[in-house]
Amino acid sequence: MTVVKTAIKPIIVQLPNFDENQVRLKPSHSPVYIESGDYIVRSLKDTDASEKLLGWLNRADMLRGLNLDKVDFNLSQLRAFIAGFDNYLHFILGIFNRNDEKLIGFYTIDVNRTHKTGSLTTGIGDTSERGKRTLWATIDAILDYFYAEREIEKFTARILARNYAMLFNFKNNTRFVLEAHLKDECLAPNGKRVDLLVFASFKNPRTQVNALPPRETKIND
C-alpha cells in the first residue's frame, strides 16, 4: 500500500512501498550508530515517529527540497514507514543532538549491493539548526562508516538546482565532486521541469585526469 500521494514521482527521496501488517519484507541487519562531534547519527526506530517529524515532512520548504507535493502519513503510517527500512538496502538515519538526544534531521540511503553504490538524501527539520553546518559535522563520519563497514564504494546525492540551502552543504565539500548537471531532468509538483545536480563521493577517489575516459585519436591518412 502506497501512502504517499503525489502526482509527480519524487526524484530525490525514494519512498518504499509497505504493508502496515508486514513491514519487514527483507532480512533485518544491524542498525547504524555513529558518534560525530556534537551529534549522534543512528537508525531511526518506529518509536521515533512523532507529530513533530510528521510536521517536518509536510513543511513547505522540506517538500520543495524533496520535490514532493504532500506526504500523506498519519502517525501509525509513519511508524510503519520507518520500520520498513531494513538497514541493508534502505536506511533512514536520524541526526540527534548528543547532549539532549533531540532529533534535528535525517538521512536516507538507498543501496545498490551489486554495484556497491549508495544514493543519499538529507534534510534538517529543526529550523534552529540552520547555519550550524550540521550536515558538514556528520557527513564525513557517515561516509567513513559506510565505506569501512557496509562495503559501499561510491555515494551520490541528487539535488534540485533550485535547492540553494542544500547545495551549500555539497558545493564546497571536499568529500564530494560535482559529477553532472542534468537539465530539465524531472518534473516539479507544479508541472514545470527542473534541473538536477549530481554530487559524488568515492571510497577511492581518482584524480580528475585519471577519472576521464581515454580520448580516441583520429589519424588522417
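This is a predicted model: local features need pLDDT of at least 70, side-chain atom pairs count only at pLDDT 80 or more; totals for chains, interfaces and linings use all residues.
Visitor: How many aromatic pairs does a search of the whole structure find?

Guide: The search finds nine aromatic pairs. One of them joins Y147 and F155, with 5.8 Å from centre to centre and 50 degrees between the planes, and this pair is tilted. Y147 counts as buried because its relative accessibility is 6%, and F155, at 0%, counts as buried as well. In another pair, that of F170 and F199, the ring centres are 5.8 Å apart and the planes stand at 35 degrees, so this pair too is classed as tilted.

Visitor: Which parts of the chain does the pair of F170 and F199 link?

Guide: The parts are distant ones, for F170 belongs to helix α5 (residues 164-171) and F199 to strand β8 (residues 193-202), and the two residues are 29 residues apart. F170 counts as buried at 4% relative accessibility, and F199 is likewise buried at 4%.

Visitor: Let me turn to charges: how should I read a salt bridge?

Guide: Side chains of opposite charge can pair when their charged atoms come close. In this structure the count comes to nine salt bridges. Among them is the bridge between the side chains of R98 and E35, at 2.6 Å from N to O. R98 lies in the loop between β3 (90-97) and β4 (103-112), whereas E35 lies in strand β1 (residues 33-36), so this pair ties together parts that are 63 residues apart in sequence.

Visitor: Are R98 and E35 buried, partly exposed or exposed?

Guide: R98 is partly exposed, with a relative accessible area of 37%, and E35 is partly exposed at 46%.

Visitor: Which parts does the salt bridge between E153 and K116 tie together?

Guide: The side chains of E153 and K116 meet at 4.0 Å, N to O. E153 is placed in the loop between α4 (134-149) and β6 (154-160) and K116 in the loop between β4 and β5 (117-124), so the bridge connects parts that are 37 residues apart in sequence.

Visitor: With which residue does R175 form a salt bridge?

Guide: The partner of R175 is D144, and the closest N and O atoms are 3.0 Å apart. Since R175 lies in the loop between α5 and β7 (177-187) and D144 in helix α4, the pair ties together parts that are 31 residues apart in sequence. R175 is partly exposed, with a relative accessible area of 24%, and D144 is partly exposed at 41%. The bridge also belongs to a network, in which D140, D144 and R175 are linked by salt bridges.

Visitor: How should I read the nonpolar core?

Guide: In soluble globular proteins, nonpolar side chains tend to be buried together. Here the largest nonpolar core has 31 residues, and those with the most contacts inside it are L93, Y107, I109, L120, F146, F155 and F170. Two or more residues of this core come from each of β2 (39-43), β3, β4, β5, α4, β6, α5 and β8. Helix α4 gives the most, with eight residues. There is also a second, separate core of 21 residues, which includes L53, L57, I82 and I92.

Visitor: What is I109 in contact with, leaving aside its neighbours within four places in sequence?

Guide: With those neighbours set aside, I109 is in contact with L89, H90, F91, L93, S119, L120, I142, F146 and F155.

Definitions and conventions: Residues are numbered from 1 along each chain as its sequence is written. Side-chain values use heavy atoms; hydrogens and water are left out. Rings of Phe, Tyr and Trp (its six-membered ring) pair if their centres lie within 6.5 Å; planes under 30 degrees apart count as stacked, over 60 as edge-to-face and the rest as tilted. Buried means under 20% relative accessible area, exposed over 50%, partly exposed in between (1.4 Å probe, protein chains only). Helices (H or I, at least four residues) and strands (E, at least two) are DSSP runs, numbered from the N terminus. A nonpolar core is a set of buried Ala, Val, Leu, Ile, Met, Phe, Trp, Tyr and Cys residues joined through side-chain atoms within 4.5 Å. Contact means heavy atoms within 4.5 Å.
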